[in-house]
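Dear colleague,

Please find below the sequence and structure that I am handing over to you. My notes on what was found follow directly after.

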Amino acid sequence: MIRFVLIGLILAVILSSGCSGQEAAAENNEEPGESTYTAEQVTFYTLEDVQAHSDQGDCWLVIEGKVYDVTPFISSHPGGKAILEGCGIDATELFETRPMGSGTPHSDRARDRLKEYYIGEIKEE
Ligand code: HEM
């Protein structure tokens with residue numbers, strides 16, 4: 001009889017810890033806000049969010065689904081003001097084709113510099 005009570009107690013402990021674990025996970029899993037939310041430290045943005053940062057003094061751009069705030073880089077961009085054409089939009093094609101310049105993709109060195117300006121990911125809608 002005592003054996004059954006003990007097994008019952010052990011089961012109750014296991015089940016209740018399982019439930020509270022799930023509740024904690026649900027609490028951490030924030031609902032998407034109006035425009036951004038975080039999940040596992042990644043910030044997600046919509047294209048609309050990016051569009052709100054579309055000039056020389058505040059320039060975000062999207063390249064291959066990743067969002068970059070390149071504002072501090074604009075004045076030192078080797079291609080000069082051409083970068084401004086990418087502000088506030090999905091600039092993947094511009095970055096890869098540079099139609100106003102050489103017509104070629106950016107170098108690996110340029111790609112490497114992107115990391116410094118990464119701020120998040122585009123949220124799939
Ligand atoms: C998406 C908008 C951008 C446009 C339209 C653009 C355009 C250009 C142009 C026209 C040049 C001059 C060389 C040529 O004529 O091919 C250039 C050079 C360069 N750009 Fe951009 N750029 C953009 C964004 C960026 C970003 C975000 C970075 C890095 C964070 C970057 C880094 C560089 C570097 C390092 C060069 C020197 C050449 C090379 O390494 O490829 N550019 N860019």
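How many bridges join strand 4 to strand 5, and do these strands run parallel or antiparallel? There are 4 bridges between strand 4 and strand 5, and the two strands run antiparallel. Strands are said to pair here if DSSP finds at least two bridges between them. Helices (H or I, at least four residues) and strands (E, at least two) are DSSP runs, numbered from the N terminus.

Please note that the model is predicted: local features need pLDDT of at least 70, side-chain atom pairs count only at pLDDT 80 or more, and totals for chains, interfaces and linings use all residues. Residue numbers start from 1 along each chain as its sequence is written.

Overall organisation

The chain has 4 helices and 6 strands. Read from the N terminus, its elements follow the order α-β-β-α-β-β-β-α-α-β. Of the 125 residues in the chain, 14% are buried. A residue is buried if 20 or more other C-beta atoms lie within 10 Å of its own, exposed if 12 or fewer, and partly exposed in between, with C-beta atoms placed from the backbone. Among the contacts with a separation of 6 or more, 56% are between residues 24 or more positions apart. Two residues are in contact if their C-beta atoms, placed from the backbone, lie within 7 Å.

Strand pairing

Strand 4 spans residues 58-63, and strand 5 spans residues 66-69. Within this pair, Leu 61 has Tyr 68 of strand 5 as its bridge partner. The two strands form a hairpin with 2 residues between them, and Glu 64 in the turn has a positive phi of about 50°. Glu 64 is a residue other than glycine, and it counts as exposed because it has 12 C-beta neighbours inside 10 Å.

Strand 4 also pairs with strand 3 (residues 54-55), in the antiparallel sense, through 2 bridges. Ser 54 has Cys 59 in strand 4 as its bridge partner. A hairpin of 2 residues joins strand 3 to strand 4.

Strand 5 pairs in turn with strand 6 (residues 118-122), antiparallel and over 3 bridges. In this pairing Lys 66 is the bridge partner of Glu 121 in strand 6, while Val 67 stands opposite Gly 120. Strand 6 runs parallel to strand 2 (residues 42-45), to which it is joined by 2 bridges.

The nonpolar core

Why is strand 4 described as largely enclosed by the rest of the structure? The description applies because 5 of the 6 residues of strand 4 are buried. The largest nonpolar core has 14 residues, of which Trp 60, Leu 61, Val 62, Ile 63, Val 67 and Tyr 68 touch the most other members. Strand 4 and strand 5 each supply at least two residues of this core, and its largest share, 5 residues, comes from strand 4. A nonpolar core is a set of buried Ala, Val, Leu, Ile, Met, Phe, Trp, Tyr and Cys residues joined through C-beta atoms within 7 Å.

Setting aside neighbours within four places in sequence, Tyr 68 is in contact with Trp 60, Leu 61, Ile 63, Leu 114, Tyr 117, Tyr 118 and Ile 119.

The ligand shell

The ligand is surrounded by 25 residues, and the closest are Gly 79, Gly 86, Gly 101, Ser 102 and Ser 107. By class, the shell has 13 nonpolar, 8 polar and 4 charged residues. Ala, Val, Leu, Ile, Met, Phe, Trp, Tyr, Cys and Pro count as nonpolar, Asp, Glu, Lys and Arg as charged, and the others, Gly among them, as polar.

Two loop residues

Arg 98 lies in the loop between helix 3 and helix 4 (108-114). Arg 98 has a positive phi of about 40° although it is not a glycine. With 16 C-beta neighbours inside 10 Å, Arg 98 counts as partly exposed.

Lys 81 is in the loop between strand 5 and helix 3 (92-97). Lys 81 counts as exposed because it has 11 C-beta neighbours inside 10 Å. The C-alpha atoms of Lys 81 and Gln 56 are separated by 8.8 Å, and these residues are 25 residues apart along the chain.

With kind regards

Note on methods: A residue is near a molecule or strand if its C-beta atom, placed from the backbone, lies within 6 Å of it.
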